[in-house]
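Me: I have a structure to work through. Can we take it step by step, in short answers?

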Amino acid sequence: MNHNRLLGALAFMFATVPLCGDQVTGKLDVYWPDVEGGAATLIVTPSGESLLIDTGMPGGRDPGRIIALAKEKAKLTRIDYLVTTHMHIDHFGGAAEVAAVLPIGTVFDNGIPDEDPDGNKADRTWIHRSKPYREMKVGARKIIQPDGPLPMKAGGAGERPSFTVRCIAAKQQISGFKLKQPHNPLCDAPPRKAIDTSDNANSIVLLISFGSFEMFVGGDLTWNVEEKLMCPSNVVGTVDVMQMNHHGLDVSNNPILVKGLAPTVAVMSNGIEKGCGPETFATLKNTPSVQAIYQIHKNLRKDSENNTGAEYIANLEKQCAANWIQLSVDPDAKNYTFSIPATGHQRSFKTR
Ligand SMILES: [Zn+2]
């Protein structure tokens with residue numbers, strides 16, 4: 001090959017072969033970094049795009065762990081999409097620090113309120129707390145709409161299963177995309193809790209689908225709004241993996257939702273004293289579909305019975321090494337494997 005043709009071939013390669021950070025593996029990878037009772041879920045799609053859902057707390061630790069995982073493990077050079085489920089600091093707090101290191105493409109959220117998102121008008125700190133998020137430089141900002149799929153690459157050419165992320169609820173508005181489901185008998189006498197006036201109730205709920213594999217991520221959605229996803233009929237369907245709402249707290253994780261989603265695997269982004277609620281555990285134990293429960297941290301409160309088996313916990317000690325949980329869905333989406341790389345734990349499951 002002469003020099004010019006070689007240069008031409010190289011230029012063609014660089015134009016068409018994805019560079020590091022766009023690695024098209026055909027599989028779906030999900031990482032849960034340890035954000036100590038906040039939330040962060042990093043997804044690398046079968047087409048190599050990246051989606052980060054929530055960013056933990058500000059102050060170096062959580063964004064540092066997200067960035068390290070994204071760069072070193074997921075080999076990302078940017079975050080294509082960020083979804084902030086709601087405006088609580090343990091969910092949006094790390095975003096600006098992530099954006100300072102890894103360029104963020106499009107941010108989806110419910111909009112940034114002018115006052116404290118929990119309606120506490122006396123709290124004058126909101127403008128200060130939200131400033132880094134408000135001012136961070138990103139490619140674009142969009143207010144998410146229930147029912148709208150995120151504009152991510154579906155892949156799925158030929159035999160390959162396609163990938164979608166769909167917003168099924170935001171600001172307590174529920175998508176109707178599966179409304180033709182039959183009446184749900186669990187709705188006849190729904191248990192109710194006090195009305196939640198905090199921003200938790202407004203959480204963005206995402207359904208991540210890859211072929212027949214489905215995963216539910218609902219931020220800190222609370223009890224009575226969870227019921228709306230299932231009553232009068234289940235608008236979500238069943239899923240393989242449920243990221244338990246609200247770190248596994250008992251003001252969330254209504255049994256109507258958990259039983260309706262009927263997950264095979266539950267994942268809790270809990271802290272050493274936050275999440276892992278006794279009612280949530282009781283619900284999971286009474287949900288026959290559940291084969292495994294993963295926790296980012298061991299619950300170190302006195303109610304030590306509210307823990308999964310030690311091998312399913314990424315961090316057992318108070319002073320932890322910030323181990324993460326990983327999920328890889330095979331390119332054919334028929335099987336998926338959970339692992340905790342730091343401990344060598346691995347377990348595979350069949351997609352429903
Ligand atoms: Zn939270």
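Me: Are His 91 and His 247 buried or exposed?
Reply: This is a predicted model. Buried means under 20% relative accessible area. Both His 91 and His 247 count as buried.

Me: How many residues apart are His 91 and His 247?
Reply: Both histidines are donors to the zinc ion, through NE2. His 91 sits in helix α3, and His 247 in the loop between β11 and α7. The pair links distant parts of the chain, with a separation of 156 residues.

Me: Which arrangement do the four donor atoms make around the zinc ion?
Reply: The zinc ion is coordinated by Asp 90, His 91, Asp 220 and His 247, at 2.1 to 2.2 Å. Tetrahedral would need all angles between 85 and 135 degrees. Here the donor atoms subtend 82 to 155°, so the arrangement is irregular.

Me: Why is strand β15 largely enclosed by the rest of the structure?
Reply: Look at both faces. Ile 325, Leu 327 and Val 329 are buried on one side, and Gln 326 and Ser 328 on the other. Strand β15 is largely enclosed because the number of its five residues that are buried is five.

Me: Which residue in β16 is the bridge partner of Gln 326?
Reply: β15 pairs with β1 through five antiparallel bridges. It also pairs with β16, antiparallel, over four bridges. In β16, the partner of Gln 326 is Ser 339.

Me: Which residue takes a positive phi in the hairpin of β15 and β16?
Reply: Five residues lie between the two strands of this hairpin. The phi is near 65°, and the residue is Ala 333.

Terms used. Residues numbered from 1 in each chain as written. Predicted model: local features only at pLDDT ≥ 70, side-chain atom pairs only at ≥ 80, totals over all residues. Heavy atoms only, no water. Donors = N, O, S within 2.8 Å, 3.2 Å for Na, K, Ca; no water. Tetrahedral: all angles 85-135°; square planar, octahedral: opposite > 155°, others 65-115°. Buried < 20%, exposed > 50% of the residue type's maximum accessible area, 1.4 Å probe, protein only. Pairing = 2+ DSSP bridges.
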